[in-house]
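Please have it open as we go.

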Amino acid sequence: MKPLITLYAVMALLLCTPQVIAETLITVTYTHDEADEKNVVALRYEHAPRLTQVVKDAMLHTDVIANAEPQPIYWLGSALYDISTQRLFQQKQTNILNLLKTQYEDIDKPNNIKALKSLSSWVANNQFLERQFIPLDYDAIRLKNELDPLLAGKYLLALESKPQDILVLGAIF
């Protein structure tokens, strides 16, 4: 009788425990040519995948999303971003734009106003997310467990080909 009661208790516990299935969505962008044309593919996982699995799946899809012969991935320029931080950064972006607007209303130098308006335009036209500072090189993350975390939630994996130009920011002419 005692084993039967224990069995019923275990079954009741299993049936009453909510099953949590956390879907992970990884949006992969791949820049593959001189025109900085970005192609996008979405990877969905029922359970949190390891970074190695995500990078491996993304590399398999570069042939599909490149629509041509894919360029080698430039791992130093590639990045993983946490999409859940988008609202926080949108609020910060709004605050910075408001601060810049008050700054160029108070300045009487035309060149400084022009530079601040240019900076405001750049800030307004870009999207900001929190970057996860972990290496994405497949060989590095495959060989060290501490570089291969579980990814749960929504992420943007930006795979870049080697750039042909340099972005310089600031009040420059």
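In which helix do Arg142 and Asp139 lie, and how many residues apart are they? Both are in helix 5, residues 138–143, and they are 3 residues apart, about one turn of the helix; helices here are DSSP runs of H or I with at least four residues, strands are runs of E with at least two, and both are numbered from the N terminus.

A word on provenance: this is a predicted model, in which local features need pLDDT of at least 70 and side-chain atom pairs count only at pLDDT 80 or more, while totals for chains, interfaces and linings use all residues. Residues are numbered from 1 along each chain as its sequence is written, and side-chain values use heavy atoms, with hydrogens and water left out.

Side chains of opposite charge can pair when their charged atoms come close. The structure holds 2 salt bridges, each defined as a side-chain nitrogen of Lys or Arg within 4 Å of a carboxyl oxygen of Asp or Glu. In one of them Arg142 pairs with Asp139, with the closest N and O atoms 3.2 Å apart. Arg142 counts as partly exposed because its relative accessibility is 43%, and Asp139, at 43%, is also partly exposed; the cut-offs are under 20% relative accessible area for buried, over 50% for exposed and partly exposed in between, with a 1.4 Å probe and protein chains only.

Glu23 and Arg44 form a salt bridge as well, their closest N and O atoms being 3.4 Å apart. Glu23 sits in the loop between helix 1 (2–16) and strand 1 (24–31), whereas Arg44 belongs to strand 2 (residues 38–45), so this pair ties together parts that are 21 residues apart in sequence. Glu23 is partly exposed at 47%, while Arg44, at 56%, is exposed.

Turning to the rings, the count comes to 1 aromatic pair, where rings of Phe, Tyr and Trp (its six-membered ring) must have centres within 6.5 Å, and planes under 30 degrees apart count as stacked, over 60 as edge-to-face and the rest as tilted. The ring centres of Trp122 and Phe128 are 5.9 Å apart and the planes meet at 65°, so the pair is edge-to-face. Trp122 is partly exposed at 32% relative accessibility, and Phe128 is partly exposed at 29%.
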